[in-house]
Amino acid sequence: MATMIVPNSIAFQLSANSLFFLFLIIFCSSCKTTYAFQGTKSKSFHHILHLNSLLQSAACNSSTQGLQHQKSSLQVVHKHGPCSPLHLDRAKTPPTHAETFFQDEGRVRYIQSRLANKSGSKADVKVTDVANLPAWDGRVVGSGNYIVTVGIGTPKKQLSLIFDTGSDITWTQCEPCLGYCYQQRDAKFDPSVSSTYSNVSCNSVQCSSLLSATGYLPLCSLSTCVYGTQYGDSSFSTGFFAKERLTLTPFDVFDNFLFGCGQNNQGLFGGAAGLLGLGRDQLSLPSQTARKYNTIFSYCLPSSSSSIGFLTLGKCKRYGSKSVKFTPLSTSIQDSSFYGLDITGISVGGKRLSISASVFTTAGAIIDSGTVITRLPPDAYAALRSEFRQRMRRYRMGRELSILDTCYDFSKYKSVNIPKISFFFRGGVKLTIPLVGTLYVANVSQVCLAFAANSDASDLAIFGNTQQKTLQVIYDGAGGRVGFGTKGCY
């Protein structure tokens, strides 16, 4: 028997007559506690919060489902929150803040390394035996925080998958787990009981397409194509490359969907059954369903772990609305899997920061559903931090939190003014980051600016999921653009 060898090439906002309340949710990504602030809507360049209304909630609020919910939509929940089907497994403890940032760093390093080392290797199929699939150490996940539930097989098996715009191949753990399977909440998919399952052959075009989708050469076991994919530093999935019926909603069913039937899988996937790839490669979900959806999808990430967002396939109700602003996808990103953005500037409290255009063009940028904290070039972050601190100087600083170096202790305040941060993108698009996307809250005495600096000016900038919360983000692959709309969900 030959052994499959896969190189470690990549490490992964009052008047007396119109008083009202706006509940803005700020939560810690570890999802142990949800923080809700009662505030007033401000027309100034600041968000205003009243901390005497600080609430703690551990229950799922299903009434906060996305406003743009429609026929071809799936519910999106945080994998560690009370709305998640994985939350029923009380034996699993959500990651600490330190663990969250450690895993996030792993993902950032993986993405930056992948783009830095993009190569055009020829797709050759090597021979292996499925019993000898690689066994990497599963220390770091870096694969995403939000899950959707889809059906695979006939009869349909419901599975909770992490959805990820930074990945292409969809996979789930499968019986009989010839190598190793981590613990998941759902029962594992058994292809032997599905009437629509079939393996992909080694000499097929589909098998050869795995290289661009995963970054690894496809392999072969007894004429069956074998895939391998790795995330962050070490978490991974390998197994049979196959075709199967995919049921997204009762109205959206696709036969012969190409996916990975994982036989050897390791990593801290939070009990999810696998991953749903929303990247740009031909094997991603948007590409495989392009005849119906034209590579268009959108999502809204909920404001907290106790709220529900959505993932919509095809044109959503707001697609042609003036409330959505589109920016062209960047042409500077070499990897065809990622959605590139051209950042042209940042403002704090209405003041455009003095940042050279070359700072953003040197680094390049992508938008990513799996990275938690937005990473910026060092000079851009330094300017953002300096202006933010200047406008927050009345407040007492708090302890730093891992990669977050600008934190505040609000325990002695009744109200807090937070300067609004806006990003500018190519095409004249201005996006004001929601309050929930501006701060990362560990507790009331440790509330941090939710941005971090890259270590080097050439490192890729990443627009992370914290900054995307409550926005409706529309990916128009056919149109080569990404759109942003406010108040997509709560």
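Strands are DSSP runs of E with at least two residues, numbered from the N terminus. This is a predicted model, in which local features need pLDDT of at least 70 and side-chain atom pairs count only at pLDDT 80 or more, while totals for chains, interfaces and linings use all residues. Residues are numbered from 1 along each chain as its sequence is written, and side-chain values use heavy atoms, leaving out hydrogens and water.

Q: Where does Asp368 lie?
A: Asp368 is in the loop between β21 (365-367) and β22 (374-376).

Q: Why does Asp368 count as buried?
A: Buried means under 20% relative accessible area, exposed over 50%, and partly exposed in between, with a 1.4 Å probe and protein chains only; Asp368 has 0% relative accessibility, so it counts as buried.

Q: What makes the pairing of Asp368 and Arg107 a polar contact?
A: A polar contact is a pair of N or O atoms within 3.5 Å, where within protein one must be able to donate a hydrogen and the other to accept it, and residues adjacent in sequence count only if both atoms are side-chain atoms. The side chains of Asp368 and Arg107 make such a contact at 2.7 Å, and the side chain of Asp164 makes one with that of Arg107 at 2.5 Å.

Q: Why are the residues annotated "active site" said to gather at one spot?
A: The unreviewed UniProt entry gives this annotation to Asp164 and Asp368. They span 205 residues in sequence, yet no two of their C-alpha atoms are more than 7.6 Å apart, so they gather at one spot. Such annotations may be inferred rather than shown by experiment.

Terms used:
Helices (H or I, at least four residues) and strands (E, at least two) are DSSP runs, numbered from the N terminus.
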